[in-house]
Amino acid sequence: MNVEQIKEALVGDWASIAPEVRPSASKNPDGTLKPFYLKREFKYLAGDRFELNIVNSADPNGAVPIARIAIRGHMIWRGPHSIAPGAQKVDFVADEGYEVAPLIQGFADLLNQVAATGYGKWQVNDTQSVFGKAFPPFGLTEGKNFMEFDLVYLSHDMLFWGARNVDGRGFDKEENRPTNLQIPLARSRSGERK
């Protein structure tokens, strides 16, 4: 498929097929990377716009949700990626919105310690915008849109993005763009193509 065909096939709603695990940038006391568990819901819209909702969990089964994250923005298509025929380099830019809601008291308490400046009191299930603000827990800088250098690959009606670097590095610059595929998203019922 060419880029326009990929964009056409991408339109709609996608969701994690199971809880996912990724290495985080945080480390355990022994120096090993802490796992990061999540489920994703993604929507690709006209005009290269996207909406991404993530629920981060404390456990691999997703039974103990910690936080809900909602990101809205644009995708910038950068050309073919060598991982597979039809894969494309894509930058995701959160230039429309970025919101966080703690889902357990322990995470709300942590946010009230490390992300109090510029925010109201963090409370369970209350969403606050971190868009354009400093938000140390996620490494967000004031006045700078969150952006990731990622990839998109469609195969067998499944959507693949890049797998996290095994050393926990984010996709914050071109040289950190992923070189492998992660667990795919499946087209969700509400996003089935007509």
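## Helix α2

In this predicted model, helix α2 spans residues 105-114, and its buried residues are Phe107, Ala108 and Leu111. Viewed down the axis of α2, these buried residues fall within an arc of 100 degrees, so they line one face of the helix. An α-helix has 3.6 residues a turn, so residues three or four places apart point the same way.

Strand β3 (residues 33-45) pairs with strand β4 (residues 49-57) in the antiparallel sense, over 9 bridges. The two strands form a hairpin with 3 residues between them. Glycine 47, in the turn, has a positive phi of about 75 degrees.

Strand β4 also pairs with β5 in the antiparallel sense, over 9 bridges. Glutamate 51 of β4 stands opposite lysine 43, and glutamate 51 also stands opposite arginine 72 in β5.

## Nonpolar cores

The largest nonpolar core has 34 residues. Those with the most contacts inside this core are Leu10, Phe42, Met75, Phe135, Val152 and Leu159. At least two residues of the core come from each of α1 (3-10), β3, β4, β5, β6, α2 and β8 (147-155). The element that gives the most is β5, with 6 residues.

Leucine 10 touches Phe42, Tyr44, Met75, Trp77, Leu154 and Leu159, when residues up to four places away in sequence are not counted. A second, separate core has 5 residues, among them Ala84, Ala87, Leu151 and Phe160.

Key. Residues are numbered from 1 along each chain as its sequence is written. This is a predicted model: local features need pLDDT of at least 70, side-chain atom pairs count only at pLDDT 80 or more; totals for chains, interfaces and linings use all residues. Side-chain values use heavy atoms; hydrogens and water are left out. Buried means under 20% relative accessible area, exposed over 50%, partly exposed in between (1.4 Å probe, protein chains only). Helices (H or I, at least four residues) and strands (E, at least two) are DSSP runs, numbered from the N terminus. The arc is that of the directions from the helix axis to the C-beta atoms. Two strands pair if DSSP finds at least two bridges between them. A nonpolar core is a set of buried Ala, Val, Leu, Ile, Met, Phe, Trp, Tyr and Cys residues joined through side-chain atoms within 4.5 Å. Contact means heavy atoms within 4.5 Å.
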